[in-house]
Amino acid sequence: MIYSIYAFKEYLKKVTPNFIKNIFPRMLRVKIYSKIFPFYFIPTNLNKLPNINFIDDYNNLDTQHKYIDKFYTNFKQNSEMTFTNLTQELHKKFNADSKFKFLDIGGEYIDFYLELNKNFKNIEYYFHNTENINNIFNQLKKNYNFNNLFIIDRLEEISNNHFDFINLGASLQYIEDYEILLDKITNLKSYVLISAIPVYKSKNKSQNKFIIVKQAKNSAGNYLYFFNKDYLFSIFKNKNFDIILEQDNPTDNVNLKNFEKIVDEISYLDLIFHKK
């Protein structure tokens with residue numbers, strides 16, 4: 001039944017005439033669609049992510065230029081974050097003149113880099129995302145002479161540096177080779193922030209590592225991992241990391257009720273791990 005309702009919602013979005021879309025603001029349409037299908041994700045029977053998965057064509061050079069213009073107008077970050085007080089969290093760990101390396105895996109908008117530069121004058125900002133977004137950031141670096149911005153094209157390059165703080169903002173669950181990534185970052189003495197991550201508990205042996213789900217909130221329909229909480233935590237515990245923050249992610253009211261009969265417990269969390 002859940003798949004039929006989801007298909008009906010997507011059908012309505014496709015057949016809605018443009019003149020109606022122009023009459024009703026996008027946010028109102030989103031609320032209507034959410035009433036029809038309130039869930040963010042739907043389960044699948046997949047055991048690996050599809051080869052062609054994450055769609056990121058919404059992110060382009062024009063959008064980045066707009067965020068740069070806005071930043072230099074009001075001198076603050078205007079794009080949204082999955083961990084809204086990240087800058088304040090960094091201030092607890094680093095002084096304004098501290099020299100440290102920050103790795104942002106899954107970052108999207110350049111004004112976060114500008115916000116960090118405003119707060120930390122000696123920061124080195126390393127960035128990794130899909131090839132498309134990496135290319136955009138390379139172009140921005142060239143056009144604006146962002147000399148302390150470094151783009152990492154391949155996960156293998158992470159081993160070439162020591163990072164003091166690693167940010168995985170709603171990104172770990174979309175990375176097919178997450179085990180390779182986690183193996184590399186847990187070899188470092190660092191802070192690791194994983195925000196907006198869906199995790200669950202289950203006694204089902206087939207769910208001892210992850211289940212794969214599909215986005216239902218938007219039409220992109222990207223696939224992602226939901227991780228078994230005990231499994232995810234064990235990866236860090238086995239590399240002598242402590243968990244110093246565990247909280248519900250407050251940025252969105254994510255409805256996961258359709259998974260309550262599939263797993264024993266489920267939550268949408270922000271986590272910070274640290275190895276001294």
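Is Asn-148 buried or exposed? In this predicted model, where residues are numbered from 1 along each chain as its sequence is written, local features need a pLDDT of at least 70, side-chain atom pairs count only at pLDDT 80 or more, and totals for chains, interfaces and linings use all residues. Side-chain values rest on heavy atoms, with hydrogens and water left out.

Asn-148 counts as buried because its relative accessibility is 16%; buried means under 20% relative accessible area, exposed over 50%, and partly exposed in between (1.4 Å probe, protein chains only). Asn-148 sits in the loop between α7 (131–144) and β4 (149–151), helices (H or I, at least four residues) and strands (E, at least two) being DSSP runs numbered from the N terminus. Its side chain makes polar contacts with the side chains of Tyr-113, at 2.4 Å, and Asn-117, at 2.7 Å. A polar contact is a pair of N or O atoms within 3.5 Å; within protein, one must be able to donate a hydrogen and the other to accept it, and residues adjacent in sequence count only if both atoms are side-chain atoms. With neighbours within four places in sequence set aside, Asn-148 is in contact (heavy atoms within 4.5 Å) with Tyr-113, Asn-117, Ile-123, Glu-124 and Tyr-125.

On the scale of the protein chain, there are 9 helices and 10 strands, and buried residues make up 48% of its 276 residues. Of the contacts with a separation of 6 or more, 76% come from residues 24 or more positions apart.

Two of the helices can be looked at together. Two packed helices are described by the angle between their axes and the distance between the axes. For α8 (residues 178–185) and α9 (residues 229–237), the axes come within 10 Å and cross at roughly 35 degrees; axes are lines fitted to C-alpha atoms, for helices over the stretch in contact, and angles run from 0 to 180 degrees between N-to-C directions. Here Tyr-178, Glu-179 and Leu-182 of α8 meet Tyr-231, Leu-232, Ile-235 and Phe-236 of α9. The residues of this contact divide into 6 nonpolar, no polar and 1 charged, where Ala, Val, Leu, Ile, Met, Phe, Trp, Tyr, Cys and Pro count as nonpolar, Asp, Glu, Lys and Arg as charged, and the others, Gly among them, as polar.

The buried residues of α9 are Lys-229, Tyr-231, Leu-232, Phe-233, Ile-235 and Phe-236. Besides α8, these residues pack against the strands β6 (191–201), β8 (223–228), β9 (242–248) and β10 (265–274). At the start of α9, a side-chain oxygen of Asn-228 comes to within 3.0 Å of the backbone nitrogen of Asp-230.

Two glutamates in loops follow. Glu-80, between α4 (61–74) and α5 (86–93), is exposed because its relative accessible area is 76%. Glu-80 and Glu-108 are 28 residues apart in sequence, with 9.7 Å between their C-alpha atoms. Glu-156, in the loop between β4 and β5 (165–169), counts as partly exposed because its relative accessibility is 41%. The C-alpha atoms of Glu-156 and Lys-184, 28 residues apart along the chain, are separated by 8.2 Å.
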